[in-house]
Amino acid sequence: MGKRKALMAGNWKMHTTVVDGCQLAVDVSRACTDFPDREVLLAPPYTILSEVSHILKDSPIIVGSQNVCWEEKGAFTGEISPVMLKDAGGSAAIVGHSERRQIFGETDELVNRRLKGGLSFGLMMILCIGETLEEREAGRAFAVLYEQIKKGLADVAAVDMAKVVIAYEPVWAIGTGKTASNEQAQETHAFIRGVLEQIYEKNIAEQTRILYGGSVKPTNVDELMAQSDIDGALVGGAALDAKSFGRIINFQ
Ligand code: PGA
């Protein structure tokens, strides 16, 4: 881990009913003592955002959503606005998750609109990027990531980068049990930081947190977090179990 404050984020995806999700929030908050050097974020489904925020209101855990629209309100069936998210107690949002891109056809342009919309309402925004196995095997991983970063951050002002977190999630490592090797992850994170330096400047690249995601588990978190350009984790499956996520938060 570099000099940036680590961010350990749990993406609950389309899991948990009201009862399970509230219990999980209670259990995670118990597993999470107040670390000065790291932040913890939970992204429950929309249906329990408000309950989870309420449970965590006296804890340092940040609550966020798994996606967000750019408009305050209006005819956007199926969407939630940054204002609604904040009203429910959330202060962060994930955008561009590969499941949104692959299953629901979200493009870089749409992701960029969501990102800018969330920023304009003061949310912390986690921009997910990642290549498929096919793209990696064809030697195109860096080209794909470059495009996703360039387009995802289009027209995002340097000053707003303080609220942006990048999550590198190789699509082939999500939910598959396969993790990028520590070297592969570090090399890719360093590349991403280089692109940020090219778009903005060295300071901004140095300050931006870049999370790793894709089968992060209690057994691999320590070595991933030991890499100098890995500043945290975006965790799916293992975040649904308070004991596992607690161990992940408590990485050594
Ligand atoms: P996983 O999911 O930890 O289950 O691989 C990560 C993610 O999709 O954010």
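**Close-up 1. D229 in its loop.** D229 is found in the loop between α10 and β8 (232-235). Helices here are DSSP runs of H or I with at least four residues, strands are E runs of at least two, and both are numbered from the N terminus. The model is predicted: local features need pLDDT of at least 70, side-chain atom pairs count only at pLDDT 80 or more, and totals for chains, interfaces and linings use all residues. Residues are numbered from 1 along each chain as its sequence is written, and side-chain values use heavy atoms, with hydrogens and water left out. Is D229 buried or exposed? D229 counts as buried, because its relative accessibility is 12%. Buried means under 20% relative accessible area, exposed means over 50%, and partly exposed lies in between (1.4 Å probe, protein chains only). Leaving out residues up to four places away in sequence, D229 touches R4, Q186, H189, A190, R193 and I210. Contact means heavy atoms within 4.5 Å. D229 and V40 sit 189 residues apart in sequence, and their C-alpha atoms are 18 Å apart in space.

**Close-up 2. R209 in strand β7.** Look for R209 in strand β7. R209 has a relative accessible area of 14%, so it is buried. Which residues does R209 touch, not counting those up to four places away in sequence? They are R4, K5, A6, L7, E39, M124, V165, I166 and D231.

**Close-up 3. S215, between a strand and a helix.** The loop between β7 (209-213) and α10 (221-225) holds S215. S215 is buried, because its relative accessible area is 15%. S215 is not a glycine, yet its phi is positive, at about 55 degrees. Most residues other than glycine have a negative phi. A polar atom of the S215 side chain lies 2.9 Å from the backbone nitrogen of G177. A polar contact is a pair of N or O atoms within 3.5 Å; within protein, one must be able to donate a hydrogen and the other to accept it, and residues adjacent in sequence count only if both atoms are side-chain atoms. Not counting residues up to four places away in sequence, S215 touches A173, G175, T176, G177, K178, T179 and N220.

**Close-up 4. The ligand and its shell.** How many residues are around the ligand? There are 13, and K13, H97, E169, G175 and S215 come nearest. A residue is near a molecule if one of its heavy atoms lies within 4 Å of it. The shell divides into four nonpolar, seven polar and two charged residues. Ala, Val, Leu, Ile, Met, Phe, Trp, Tyr, Cys and Pro count as nonpolar, Asp, Glu, Lys and Arg as charged, and the others, Gly among them, as polar. K13 sits in the loop between β1 (6-11) and α1 (18-31). K13 has a positive phi of about 50 degrees, although it is not a glycine.

Close-up 5. An N or O atom in the E169 side chain is 2.7 Å from an oxygen atom of the ligand. A backbone N or O atom of G236 lies 2.8 Å from a ligand oxygen. For G237, a backbone N or O atom also lies 2.8 Å from an oxygen atom of the ligand. Taken alone the ligand exposes 280 Å², and the protein buries 95% of that. Accessible areas come from the Shrake-Rupley method with a 1.4 Å probe; for residues, only the protein chains shown count as cover.

**Close-up 6. Helix α5 and what covers it.** Helix α5 (residues 108-120) has 13 residues. From first C-alpha to last, α5 reaches 18 Å, close to the 18 Å expected at 1.5 Å a residue. The expected span is 1.5 Å times one less than the number of residues. Which residues of α5 are buried? D108, V111, N112, R114, L115, G117, G118 and L119 are. Their cover includes α3 (82-87), β4 (92-95), α4 (98-104), β5 (124-129), α7 (141-152) and β6 (164-168). Just after α5, G122 takes a positive phi of about 80 degrees.

Close-up 7. V83 is in helix α3, and L85 lies in helix α3. V83 is partly exposed, because its relative accessible area is 32%. L85 is buried, because its relative accessible area is 0%. Leaving aside residues up to four places away in sequence, V83 touches E72 and F121. With neighbours within four places set aside, L85 is in contact with L49, G64, S65, V68, I80, G90, A92, A93 and L123. V83 and W70 are 13 residues apart in sequence and 9.6 Å apart in space, C-alpha to C-alpha.
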